[in-house]
Amino acid sequence: MEKKNKLFVDPSPHIHHYDSVSKIMWIVFISLLPAAAWGVFYFGLPALNVILASVFTCLITEAVFSVWRKNSWKLIGDGSAAVTGILLAFTLPPYVPLYVPITGSFFAIGIVKQLFGGIGFNIMNPALAGRVFVMFAWVGAMTSTAFFIPQADQSFYYKDNEKSAITLEAISSATPLGMLKNYISGKISSPIPDYKDMTSDDSVIDGIPASFPKSLFESEILDNQDKNNQTALLNLYQLDSSQTEYQLKKDLSSNEKETLKQILNISKKEKSSASLLYYKSYTKDLFLGKAGGSIGEVSVLFIFLGGLWLLKRRYIYWHIPAVFIGSVAALTFLYALSKNLILVPEYGAVKNAFLFAYLHVLSGGLILGAFYMATDMITTPLTLKGQIIMSFGIGFLTFIIRIFGGYPEGVMFAILLMELLVPFIDKMSKPKIYGWKNNE
Amino acid sequence: MNLLKKGFKRGGVKLPEHKETTEHKKIINAPVPKRVKIPLQQHIGKPAIPVVQIGDEVKEGTLIGKMDGDFSANIHSSIPGKVIGIGDIYNPNAQKSRYIEIEFKGNIKYWEIKNSKWDLFSKDELLERIKNAGIVGMGGATFPAHMKYKPPVPIETLLINGAECEPFLTVDDRLMSEKAVELREGIRILKKILNPKKIFIGVEDNKIEAIEMLEKNSANEYEVVPLRTRYPQGGEKQLIEAVLKVEVPSGALPFQVGVVVANISTIYAIYEAILFEKPLYERLVTVSGQIVKWPGNYKVRIGTLIHDLLHDCQLFINPAKIISGGPMMGYSQLTDDTPITKGTSGIVVFSKEEIKFKKEKPCIRCGRCMQACPVGLFPNIMYNNISINDLQSAEKIGLKDCIECGACSFICPSKIQLVNYFKSAKLNLKRNISLSLNKIPRVKGFEYGKEK
Ligand code: SF4
Ligand code: SF4
């Protein structure tokens with residue numbers, strides 16, 4: 001060992017935890033990819049375009065603003081912009097025109113994040129703020145492309161009337177949450193989607209639906225018919241090219257219409273069993289990601305798995321999703337119970353309330369919000385106690401907005417509102433300091 | 001069941017231990033160096049006054065520096081030979097100090113037990129002997145022992161710190177495993193001095209052999225308390241909290257809650273000082289690191305240069321970073337020309353490949369530092385305050401209670417040197433000056449020679 005050996009000197013500690021900001025962010029990004037893949041698989045290429053447009057705009061905006069603020073453009077390597085991009089895309093409908101994700105991403109990164117001082121200084125989750133921004137900036141584009149129409153209906157209508165907007169009412173009554181809300185407030189009389197509401201006039205012929213989702217048609221309705229009816233039905237309906245729904249084959253004679261009506265039993269009396277069938281298949285679809293919604297909402301299962309991975313890596317804390325989801329579930333359950341809400345007449349009150357809570361937890365991006373938005377480190381309180389307070393607040397606000405507010409959706413606004421309270425919550429939830437009396 | 005084990009309440013971090021390389025290596029004597037540079041400031045308080053001159057012949061254990069006031073400590077020669085120089089040098093903890101350089105000449109002394117009947121000594125006599133032997137707290141604080149074990153009020157509990165929570169270091173572990181009987185004798189001496197009602201030894205539960213040996217040899221003198229392996233279990237206040245479930249009030253010293261904490265190495269030094277009448281001139285040092293060929297636990301003479309010690313342990317390649325003490329609270333050395341002192345419990349070397357210098361990134365408010373802090377502070381908020389030069393606000397939320405353990409810096413994913421800022425800010429507060437952030441010494445990974 002010679003002298004004049006160069007030694008590095010830096011302050012203690014000399015070892016560090018292996019996690020770094022960029023590592024955390026990229027792993028969050030990767031954990032979102034399965035859900036993204038499912039979204040693309042389910043909605044097709046338009047969804048991929050939205051995701052790519054959103055992620056790349058975020059990266060470019062981050063780079064430009066970083067250079068402008070005299071940092072290196074390489075800051076985009078920390079992955080936080082990419083995460084914002086993919087999260088923003090997840091909250092968008094799959095068929096929006098691409099200027100929506102682009103402006104949204106620009107607003108999210110440029111205004112909400114960079115103008116507040118870059119990573120760590122934003123007071124709101126950029127992705128959510130961007131989402132709210134586009135919601136108000138592009139009311140037309142956002143509503144005409146619909147969030148909640150399942151793919152079957154979506155492709156059907158979208159192909160036919162490319163630009164013509166389906167009215168907001170029609171769409172929101174197609175979302176389970178909106179529909180439930182209308183049902184509770186008495187605007188509609190039955191707690192299942194009326195396919196008539198969703199279709200343009202010529203798709204329902206004398207009360208006979210022009211199309212049925214495949215699952216509803218095959219498994220549930222046909223089970224109740226005898227062989228002859230099945231054959232009769234199959235004669236008149238056929239699978240469409242996308243293989244997801246049955247459509248009427250041809251114009252019907254009045255005779256055929258009568259038979260069909262009889263077979264399908266579309267009458268007020270049968271509503272009850274129809275709603276049982278509807279909810280049975282819908283609840284399953286909801287979890288597996290076949291129920292429609294925004295790009296990231298469809299795959300509750302993959303979001304959930306991604307979230308579990310992050311939990312296991314301790315990048316997020318289980319208290320936040322648990323308290324958030326738990327409080328929404330409990331509140332909606334109690335609400336349904338107190339209102340004696342009947343969705344499926346065959347079920348008892350408790351089971352109905354349970355169904356109501358289940359629908360609320362699994363739809364409207366609540367799982368996405370619980371695992372990925374409410375857990376955003378930058379905008380959550382520092383202490384466990386604070387985080388629990390915050391996530392309960394989010395759950396409570398979500399419940400209030402969804403049930404009593406003007407929107408069927410509440411997660412986004414609830415999270416954004418609670419984020420504004422974070423400094424206050426931080427102050428209130430100080431831990432007791434060693435050797436101090438009452439933190440004096 | 002980790003949760004049921006005793007441990008401090010708040011925060012803490014789990015560290016990579018790296019103890020496996022040395023934890024089973026028996027204590028051996030390091031080769032006697034050809035020359036030593038013995039600093040006169042190896043303790044807190046005033047430096048000792050030199051009592052030898054160049055050219056003087058000294059023996060092992062000859063007094064070469066006399067204590068200057070009560071908070072000082074005697075310094076003894078660690079090798080026989082001749083004083084060849086007096087000069088200035090940096091201590092391992094970057095403190096400037098005078099040193100006395102001695103060149104080896106003569107024979108090594110063999111120490112024999114002189115006072116097996118030490119029980120006949122009075123309490124004051126024991127303290128006097130400890131004082132003469134120049135014993136200081138050897139866990140790193142280097143508080144003179146004769147002051148520490150003379151609390152102004154009677155105490156309830158003697159708590160012995162065998163936690164050794166720093167990664168790499170294994171000297172206390174080895175002492176407990178190999179010298180349990182001697183330690184028991186040392187504890188008896190302290191018991192006579194302090195007259196406590198209860199005696200506990202807190203040991204982290206990763207030291208299985210040590211716990212076993214201590215329990216086997218306890219003779220009902222003390223109770224061994226296995227503790228959860230979690231950094232900083234060996235922090236004085238954390239240890240008290242873990243074992244006794246009491247908190248030392250902010251700004252107070254442990255004796256105010258009736259506790260005196262003693263370090264394992266110190267107890268061993270006391271044992272030697274009383275029974276052998278051997279002054280403190282050598283101590284146990286763990287030498288560890290991946291590039292060390294013969295890592296181990298060595299008995300090293302005070303004043304041995306790190307350079308010589310590492311030479312004896314054989315390095316595979318040149319070190320890029322040398323740390324005196326453990327990697328969490330130790331100091332990285334400007335040069336390997338630094339002497340081992342009474343407070344040096346380990347030398348850890350890293351190669352160039354092992355040190356990754358990471359740039360500080362902005363805080364992302366992840367809250368990990370807060371969850372890691374054993375005191376329950378908000379490190380990131382204090383950091384924010386300090387960075388806008390608002391030291392008073394930082395003080396209000398507990399800056400002065402920071403024990404500088406470094407858990408927050410360790411865990412921070414943005415690699416912010418939080419504890420470095422806190423140390424600087426505390427110094428500034430003490431001196432009542434308020435420096436803006438860019439004047440706070442931000443030691444970044446500079447190379448030796450480029451910056452002071
Ligand atoms: S260095 Fe200070 S602030 Fe950081 S964890 Fe330790 S006690 Fe807390
Ligand atoms: S650990 Fe670092 S990044 Fe996280 S809150 Fe503390 S200072 Fe900020």
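How many residues surround ligand 1, and which are the closest?

A: In this predicted model, ligand 1 is surrounded by 14 residues. The closest are Cys373(B), Cys402(B), Cys405(B), Gly406(B) and Cys408(B). Helices H12 and H13 of chain B are the elements that contribute two or more residues to this shell. Sorted by class, the shell around ligand 1 comprises 12 nonpolar residues, 1 polar and 1 charged.

Helix H12 covers residues 407-411 and helix H13 covers residues 418-430 of chain B, and Gln417(B) is located in the loop between them. Gln417(B) has a relative accessibility of 11% and therefore counts as buried, the limit being under 20%. When neighbours within four places in sequence are set aside, Gln417(B) touches residues of both chains: Pro11(A), Ser12(A), Pro13(A) and His16(A) on one side of the list, and Glu360(B) and Ser409(B) on the other.

Elsewhere in chain B, strand S7 (residues 81-90) pairs with two other strands. Strand S4 (residues 57-58) runs antiparallel to S7(B) and is joined to it by 2 bridges; here Glu57(B) has Lys82(B) as its bridge partner. Strand S8 (residues 96-104) is likewise antiparallel to S7(B), with 9 bridges between them. In this pairing, Gly81(B) is placed opposite Phe104(B) of S8(B). The hairpin formed by S7(B) and S8(B) has 5 residues between the strands, and Ala94(B) adopts a positive phi near 60 degrees there.

Chain B also presents lysine side chains over aromatic rings. Lys109(B) sits over the face of Trp111(B), 3.9 Å from the ring centre, and Lys278(B) is placed over the face of Tyr281(B) at 5.4 Å from the ring centre.

Over all chains, the structure contains 22 aromatic pairs. In one of them, Phe107(A) and Phe133(A) have ring centres 4.1 Å apart and planes at 5 degrees, so the pair counts as stacked. Phe107(A) belongs to helix H4 (residues 99-114) and Phe133(A) to helix H5 (residues 126-137) of chain A, so this pair ties together parts that are 26 residues apart in sequence. Phe133(A) is partly exposed, at 31% relative accessibility.

A further stacked pair is formed by Phe392(A) and Phe396(A), with 6.3 Å from centre to centre and 20 degrees between the planes. Both residues lie in helix H19 (residues 384-404) of chain A, 4 residues apart, which is about one turn of the helix. Phe392(A) is partly exposed, with a relative accessible area of 43%, and Phe396(A) is also partly exposed, with a value of 36%.

Finally, chain A holds an aromatic cluster made up of Trp38(A), Phe41(A), Tyr42(A), Phe43(A), Tyr95(A) and Phe302(A).

Technical notes:
Residues numbered from 1 in each chain as written. Chains lettered and ligands numbered in written order. Predicted model: local features only at pLDDT ≥ 70, side-chain atom pairs only at ≥ 80, totals over all residues. Heavy atoms only, no water. Buried < 20%, exposed > 50% of the residue type's maximum accessible area, 1.4 Å probe, protein only. Contact = heavy atoms within 4.5 Å. Phe/Tyr/Trp six-rings, centres within 6.5 Å; stacked < 30°, edge-to-face > 60°. Lys NZ or Arg CZ within 6 Å of the ring centre and 35° of its normal. Near = heavy atom within 4 Å. Nonpolar A, V, L, I, M, F, W, Y, C, P; charged D, E, K, R; others polar. Pairing = 2+ DSSP bridges.
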